[in-house]
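Hi there,

Here is the structure I promised to pass on to you. Have a look at it first, and then read on for my notes below.

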There are 2 protein chains.
Amino acid sequence: MKVRGFKASAVKAGIKHPDRLDLGLIVSDFPVVAAGVFTSNEVKAAPVIAGIKRLKNGKPFLKALIVNSGNANACTGKHGLMDVMELCDLVSRKIDCRPDEVLMSSTGVIGRPLPVQKIKDALPSLVQGLREDGLDDVAAAILTTDLVKKTALREVEFGNSLTTILGIAKGSGMIAPGMISPQATMLAFIMTDASIHSDFARQILQKTTDSAFNAITVDGCMSTNDTVLLLASGLAGNETINGGDNGKIFEEALHEVMSSLASQIVKDGEGATKLVTVKVKGARRREDARIIARAIADSLLVKTAFFGEDPNWGRILSAAGQAGFPLIQGLLSVFINNIPIVRMGEGLGDEAEADAKKVMEGSEFTVTLDLGLGEFEAKVLTCDLTCDYVKINADYRT
Amino acid sequence: MKVRGFKASAVKAGIKHPDRLDLGLIVSDFPVVAAGVFTSNEVKAAPVIAGIKRLKNGKPFLKALIVNSGNANACTGKHGLMDVMELCDLVSRKIDCRPDEVLMSSTGVIGRPLPVQKIKDALPSLVQGLREDGLDDVAAAILTTDLVKKTALREVEFGNSLTTILGIAKGSGMIAPGMISPQATMLAFIMTDASIHSDFARQILQKTTDSAFNAITVDGCMSTNDTVLLLASGLAGNETINGGDNGKIFEEALHEVMSSLASQIVKDGEGATKLVTVKVKGARRREDARIIARAIADSLLVKTAFFGEDPNWGRILSAAGQAGFPLIQGLLSVFINNIPIVRMGEGLGDEAEADAKKVMEGSEFTVTLDLGLGEFEAKVLTCDLTCDYVKINADYRT
């Protein structure tokens, strides 16, 4: 797991558990093209506020990203912001760049002061540990309630240049990203050695975030800290990409990396046992389809039925009917994978449901609702709601 | 539990469990003033579709209500509607009134054909059993996953006339009513012997539904069957109420009955162990306050924190920030009952949280979020999210 132009490192700073990696650093050999999207929650963590400001300043170049888990540095007021500034400053001095070329990202408990001293104490060994194959450790350091690391890699050739796109991400609970530019607690950091124009980077990051991360939900709860960052070193030596055919190819590869990470997040959703694609088609507008898919994907009754492996389509229709768009009951059809269980508003009976139940006993399936109204469709990735989710989140801080 | 002018009865029709009351009938001595509000879900059950039509016809008088649990008669197509018509027709013949003076209401599993024959078979004993003190049995017959019956009674004097307002209700899961006139699965039937004008009845029913039932949530899932019905026999002999001071007094008493029933529903929410009032104040508009309160009350992370007795205010702020209204983080304050835990956007520390935790160990408390922006406020009643909720709903049909 390497990308030309980037070194990385992670250490145990003791921010939450003394015995796990919780502080990571990614440093590029020189300031690189950067684009970021951040949570649209009105309550934003200090590192998000600082990151938005940094990337807004018409200086979309970064040399370092410092990231911690165990503490979100959210709802920490002015002190929280000052802590971000101070740490970015310290990092910039250690790696010899300007303070505004360093971005910080955090995830963990909201409302507790960031343990700045612990981070400061860990900085020397963090910097000393920087190495080309260090990204795997960073992928571990950013985890919170996650059970597994999330990484995705694609290689694309442009002319004679083989470029790499590598993404790492975390996220398990408080997952319902709605990230906008230049403004999810999911974190995803994508490094590439492709040469891409900074305007193009910003534009495709928003687009691919919308189709990947902004189309997932674990619990419908949007975080104060969601952040996706794209860093491009350009060291692959390809002709700089700024749209056109190569732009489409790069965008597609980036979308694949992001979709893979997004899917890994939902699969590792807190307590989740099922990865479910909710597809709504036959809508009058794409946005209608998206909102209805989201309503189904976030419905507690639908999600508990997934857990129960119960093709309870009444709950699916009921959730759709609550989304705020006119529906015609007699036109609604529901499929579990390719098995129809509702046609024209009416259930197809016990046999169909028994078949559907068998599909739902697997760990991944697709629920399709056809509205029968138009041409548009949208997909949202979700998981089931289990007792473990409740236990994890009833006990998270205590 | 009697109201002059009404008789009631309930029987075991074997719709779901052979050994429980599941079919009820309320009959007035003569056609009485009636007003109804029904779910605003786009997917409406057959009895709701029929009920809306019936009460729209400028004939707001009813003589009978037949109600079953165990089957929602929702998503049952034309057959479902025909079943409602046929049963209303049969009831009208047995009690000697017009078919359009009978309303049907159902709650239970969605998408299964109504067992009409079982209901037909039970009709003779149902009618034969009609008696003045039968409402208590109806309150039992309408329960599904509910653990307790919900009833509320108020007496109000108008002049020399003592009037009674008696409400019965059911509801435990799929509770997030948004009922509109003349159009929750919560059901509430309110009988009074007060004489009230039918226009006044309609008007105050919408108003009191908004402030009572439409301000509760168990799981954020709006039902296909929610129905509130107000029936007024006028037999108390008071001067007919149509606004004015007496109107206000009656409205207040009706509101008390509805609020009591609403609170009983949330308290008996599926798996619930805590009854929590979420109050949002300091909003720019009442509607903003209502939507933000709802976002908090429906947040899985907030509700699991309630279950964990954890004053996790970061989740409260984060849920509020997701509601779609501009907030100023530095103005936000949070209280558990009267204990401040966040002031001006920042946490007040471990001691404050320890005190708040003690309050949360009780079975009822209030969470107040002050936005610091304006003069408006709203309340939503919610409950915690527990493993039992997940278990109940993963196993509901199987």
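In chain A, six strands make up an open sheet with mixed pairing, in the order β13-β12-β11-β14-β10-β15. Its edges are β13 (346-347) and β15 (376-383) of chain A, each of which pairs on one side only. Please keep in mind as you browse that this is a predicted model.

Within that sheet, strand β11 (residues 333-336) of chain A runs antiparallel to strand β12 (residues 339-343) of chain A, and 3 bridges join them. If you want a residue pair to look at there, A:Phe335 has A:Pro340 in β12(A) as its bridge partner. Helix α10 (residues 350-360) of chain A packs on the sheet and touches β11, β12 and β14 (364-370) of chain A. The direction of α10 makes about 130° with that of β12(A).

Helix α8 (residues 300-307) of chain A is mostly covered, with 7 of its 8 residues buried. The buried ones are A:Leu300, A:Leu301, A:Val302, A:Lys303, A:Thr304, A:Ala305 and A:Phe306, so do note that a lysine is on the list. After α8(A) comes A:Glu309, which has a positive phi, near 55°.

Now over to chain B. Here too there is an open sheet of 6 strands with mixed pairing, ordered β13-β12-β11-β14-β10-β15. The edge strands of chain B are β13 (346-347) and β15 (376-383), each pairing on one side only. Strand β10 (residues 275-283) of chain B pairs with strand β14 (residues 364-370) of chain B in the parallel sense, over 7 bridges. One bridge to find on screen is that of B:Lys281, whose partner in β14(B) is B:Asp370. Helix α7 (residues 286-298) of chain B packs on the sheet, where it touches β10, β14 and β15 of chain B. The direction of α7 makes about 20° with that of β15(B).

Finally, how do the two chains relate to each other?

How values were computed. Residues numbered from 1 in each chain as written. Chains lettered and ligands numbered in written order. Predicted model: local features only at pLDDT ≥ 70, side-chain atom pairs only at ≥ 80, totals over all residues. Heavy atoms only, no water. Pairing = 2+ DSSP bridges. Helix = DSSP H or I, 4+ residues; strand = E, 2+ residues; numbered from the N terminus. Contact = heavy atoms within 4.5 Å. Axes fitted to C-alpha atoms, helices over the stretch in contact; angles between N-to-C directions. Buried < 20%, exposed > 50% of the residue type's maximum accessible area, 1.4 Å probe, protein only.
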